[in-house]
Amino acid sequence: MPIYSGAKILVESLLRENVDVVFGYPGGKVIPLYDALFDAPIRHVLVRHEQGAAHAADGYARSTGKVGVCIATSGPGATNLVTGLATAYMDSIPIVAFTGQAPTSLLGTDSFQEVDIRGITIPITKHNYMVTNVKDLARVIKEAFYIAKSGRPGPVLIDLPVDVLKSNADFIYPEKIDLPGYQPTYEGNYLQIKLAAEEINNSLKPVIFAGGGVINSDASEELTTLAKKAKIPVTTSLMGLGSFPENDELSLGMLGMHGTKYANYAISEADLIIGIGVRFDDRVTGKIETFAPNAKIIHIDIDPAEINKNVKVNVPIVGNAKNVLKKLIPLVKQIERNEWLETIRDWKKKYPLYYEKDTSNIKPQYLIEKIKELTNENTIIVTEVGQHQMWAAQYFKYTKPRTFITSGGLGTMGFGLPASVGVQIGNPDKLVVTISGDGSFQMNLQELATIKNNNLPIKIIILNNGTLGMVRQWQELFFNERYSSTILTNPDFVKLAEAYGIVSMRVKDPKDLDISLKKIFEYSGPVLLDVIIPQDENVFPMVPEGGSLKKMLDLKTLIKQVEY
């Protein structure tokens, strides 16, 4: 039985969990850990800000299905992880974060860089620990990885006083987990599943509403089988994009505030909603009293706390989406539902996603369509947050899970660029495209250095409209065009990228767009494309906050509220 330091125990434990890459930033309290990592067969990616480390671990986890790992030192290093942990928590992403801490002898004395990171992160982690005895370290790490990836996934934080990292102990990595108070339900109640099948078989106008839980549980194949067997149209949340192929005739695209009209209409007209791995959050439901007014609701989710939280559910099923769907599919009848599908086909013809063509300016919607046209189905799109995120969600048309990486629940500007670092490292053979707004890009642009130093061939495309676009849009529509602090004076992004040693170019004429995109996709290394788009372009359709899904702001009717 070997005797190791705490730092060595941590490294050996990571190897037992098959961790081959970690993202982090060193500091005084984690020097022993970094010393142990120096000789370890684990790749350490040095980011330029701890928030970048959390987002990179997040992107790695979302795109691979594995647990992402990040490291920060105590004090400001630890608190800089907070936004990244909250982002992962809101979207149910498995991360294990290690933070340095003051020595146990000085805890509670306000010693240098001491901060109560456990207390700070209680609401934004699935669980967290402080290890004060090196003998507990291996067990805690084993538990942390299990908790992060089991049940409803989420981030787990382990705070490590520096003397624990320096202390020695026998290294025994546990074979089993003993957490009697934590027993996620995976299988779903069979009687409830049978009742759900009866509701589906008796339904005339059902709609499946799929979310990130489908992707987390690798249930896309089962979702597609269910939809095709019972001829049920499928709409998704933002987090669920890619869970069902958007080129399928049953796809309705995205639901909610910036969802398609036909998805919102279908939900409003449906007599049965089958929610799978979704939270029914306010950006999807709009005014809750008018959400799916004619429908019974079946809700399949791994987290019992989500059942009946936002909408009243008729058939609750707690369990892993993949396991539940496997049991549900044989009980569901093959039904053609011609009348319902014909109604939806009519809505699709009458109310397609729409934007006005322009030969003088590059329309962002057209840009997204061209990116789709010039890439393949294995391309991974990573976005920041804002108007560009919604255009990327509406116009790219995802056909595979884990190909759309974005911050949904928290809506974190500055997520995309560092997340793309983790995505590219986790998927070295795939084309990774980061779609940014000029505002979001500037929140974590220091990670250009990480991209360059690791020669990650990420294609960074900035939709540059010189404004905080989504806030400006709300100011235009709901605040009498009073553009308070939303017009930006930007640096020259081409020169900025070049300063980091990254090839870059700018395009503003639609005639030059094709060749510019082809150049960046053919280039073997990292490259930035600054695309100048109109400042006043808005995202439509749009359901005003708290409004009914049936009443959307519409470009064709000059933002007049319309109801089908």
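Start by selecting F540, which sits in the loop between strand 20 and strand 21; helices (H or I, at least four residues) and strands (E, at least two) are DSSP runs, numbered from the N terminus. Before going on, note that this is a predicted model, in which local features need pLDDT of at least 70 and side-chain atom pairs count only at pLDDT 80 or more, while totals for chains, interfaces and linings use all residues. Residues are numbered from 1 along each chain as its sequence is written, and side-chain values use heavy atoms, with hydrogens and water left out.

**Stop 1: F540 and P541.** F540 is buried, with a relative accessible area of 9%; buried means under 20% relative accessible area, exposed over 50%, and partly exposed in between, with a 1.4 Å probe and protein chains only. The peptide bond joining F540 and P541 is cis, with omega about 0 degrees. Most peptide bonds are trans. Next, pick L353: its C-alpha is 8.0 Å from that of F540, although the two residues are 187 apart in sequence.

**Stop 2: the whole chain.** Zoom out. The protein chain has 23 helices and 22 strands. Its radius of gyration is 24 Å, close to the 24 Å that the globule rule gives for 564 residues, so the chain is as compact as a globular protein of that length. That radius is taken over C-alpha atoms, and the rule is 2.2 Å times the number of residues to the power 0.38. Along its principal axes the C-alpha trace spans about 70 × 60 × 40 Å. Of the 564 residues, 59% count as buried. Among contacts (heavy atoms within 4.5 Å) with a separation of 6 or more, 75% are between residues 24 or more positions apart.

**Stop 3: helix 9.** Select residues 190-202, a helix of 13 residues that reaches 18 Å from its first C-alpha to its last, close to the 18 Å expected at 1.5 Å a residue. The expected span is 1.5 Å times one less than the number of residues. Show the side chains of its buried residues: I193, A196, A197, E199, I200 and N201. These pack against helix 11 (220-230), strand 12 (272-276), strand 13 (296-301), strand 14 (315-318) and helix 14 (321-328).

**Stop 4: helix 5.** Move to residues 82-90, where G84, L85, A86, T87 and A88 are buried. Their packing partners are helix 3 (50-64), strand 5 (95-101), helix 6 (117-121) and strand 7 (155-161). Just after helix 5, look at S92, which takes a positive phi of about 60 degrees.

**Stop 5: two asparagines.** Most residues other than glycine have a negative phi. N18, however, has a positive phi of about 60 degrees. You will find N18 in the loop between helix 1 (6-16) and strand 2 (21-24), where it is exposed, with a relative accessible area of 68%. For N455, phi is near 45 degrees, also a positive value; look for N455 in the loop between helix 20 (448-453) and strand 18 (459-464).

**Stop 6: I141.** Finish in helix 7 (residues 137-149), which holds I141. I141 is buried, with a relative accessible area of 0%. Leaving out residues up to four places away in sequence, I141 touches L10, S13, F98, I158 and Y173.
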